[in-house]
Amino acid sequence: MRKLPPLRALQVFEAAARQQHFSKAAEELFVTQSAVSHQVRVLEEYFGEQLFDRQGRKLQLTPKGQNLFVELERIFNELGDLNLKLRDTPNQQISLAVYSSFAVKWLIPRLADFRRQYPSVKIRLEMITQDPDLSTNTADIFIAGKLNQRGYWQQLLHKERLIPVCSPSFYPKWRDINLSNFQQQALIIVDEGPLGLDWHKWSAAHQIQLNNEQQHIFSHVVMAIEAAIAGQGLALVPDFMVTGDIDTGRLVAVNLPDVHTGFEFNFLCKQRRLSEPAIAAFSSWLKTQAS
């Protein structure tokens, strides 16, 4: 007969280690926080090792705890895969964590094509504003800027490039806007918080001093695009976000230099899950859209 550690305690420990929080583990497992604490103590007594460092509200795994968590996560993932395989019920519903701007202006307009090709696969979009923790607790798959994450497969979708645009009605002779006269135009500026103002990055990249008297500042690029469509000035926007607006004539690309931000949009999923039918289908479809 195999001698195994207390299995319930292992399950509770894995949830607490993954969430890095006893209360969140309790919510996931539908138990109390004290029950989580008790099961962790049971496991620590069984192994004779401290598994967590508790510093106030901060919870960190000890080296022994980290080793145990890595193995348990692998084992539980394999058990989950085995469960689906034996029940012959492959998961056809997956959640995707994706930047809201990328979703609204690039992904969502294309999703009808994916649904037409793979009608049985259901995609739940989880909008994010910054790179999330890559965890199954967040989503099954991701479109984010993170690179080279251990255990994750990644696929480059797009390298961000900002291009100047305006409404055709903004300036009667918009084709004549160039470096010698664009300072006379109103600028629509996006304040990217810690990253700074987009037009200021453009001016630094091209060593051009901005002297435009009219500058309208927005906190999000989607609002800047709408302001440009409304004829309020020149906006500097990611090229992928305005392809449709340019094709329909709502915006026009202005004869000014572009700028690469260095940011990349990547599709990521756990390496071991890449062969799952729903994820494989979405990954294959994304590749055709990004090419």
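**View 1. Surroundings of Ile189.** Ile189 touches Leu197, Asp198, Trp199, Gln215, His216, Ile217 and Phe218, leaving aside residues up to four places away in sequence; contact means heavy atoms within 4.5 Å. The model is predicted: local features need pLDDT of at least 70, side-chain atom pairs count only at pLDDT 80 or more, and totals for chains, interfaces and linings use all residues. Residues are numbered from 1 along each chain as its sequence is written, and side-chain values use heavy atoms, with hydrogens and water left out. Ile189 lies in strand E7; strands (E, at least two residues) and helices (H or I, at least four) are DSSP runs, numbered from the N terminus. Ile189 counts as buried because its relative accessibility is 0% (buried means under 20% relative accessible area, exposed over 50%, partly exposed in between, with a 1.4 Å probe and protein chains only). The C-alpha atoms of Ile189 and His220 are 9.3 Å apart in space, and the two residues are 31 apart in sequence.

**View 2. Helix H7 and its packing partners.** Buried residues in H7 (residues 221–229) are Val221, Ala224, Ile225, Ala227, Ala228 and Ile229. They pack against H5, strands E6 (152–166), E7 (187–190), E8 (215–218) and E9 (234–238), and helix H8 (243–247). Gly231, with a positive phi near 80 degrees, follows H7.

**View 3. Packing of helices H5 and H9.** H5 (residues 100–117) and H9 (residues 277–290) pack at an angle of about 125 degrees, and their axes are 11 Å apart. This angle makes H5 oblique to H9. Axes are lines fitted to C-alpha atoms, for helices over the stretch in contact, and angles run from 0 to 180 degrees between N-to-C directions. Angles under 35 degrees count as roughly parallel, over 145 as roughly antiparallel, 65 to 115 as roughly perpendicular and the rest as oblique. From H5, Trp106, Leu107, Arg110, Leu111, Asp113, Phe114 and Gln117 meet Ala281, Phe282, Trp285, Leu286, Gln289 and Ala290 of H9.

**View 4. Thr62 in a loop.** Thr62 is found in the loop between strand E2 (58–61) and helix H4 (63–87). With 8% relative accessibility, Thr62 counts as buried. A polar atom of the Thr62 side chain lies 2.7 Å from the backbone oxygen of Gln50. Thr62 touches Gln50, Leu51, Phe52 and Asp53, again without residues up to four places away in sequence.

Technical notes. Polar contact = N/O pair within 3.5 Å; in protein donor to acceptor, adjacent residues only side chain to side chain.
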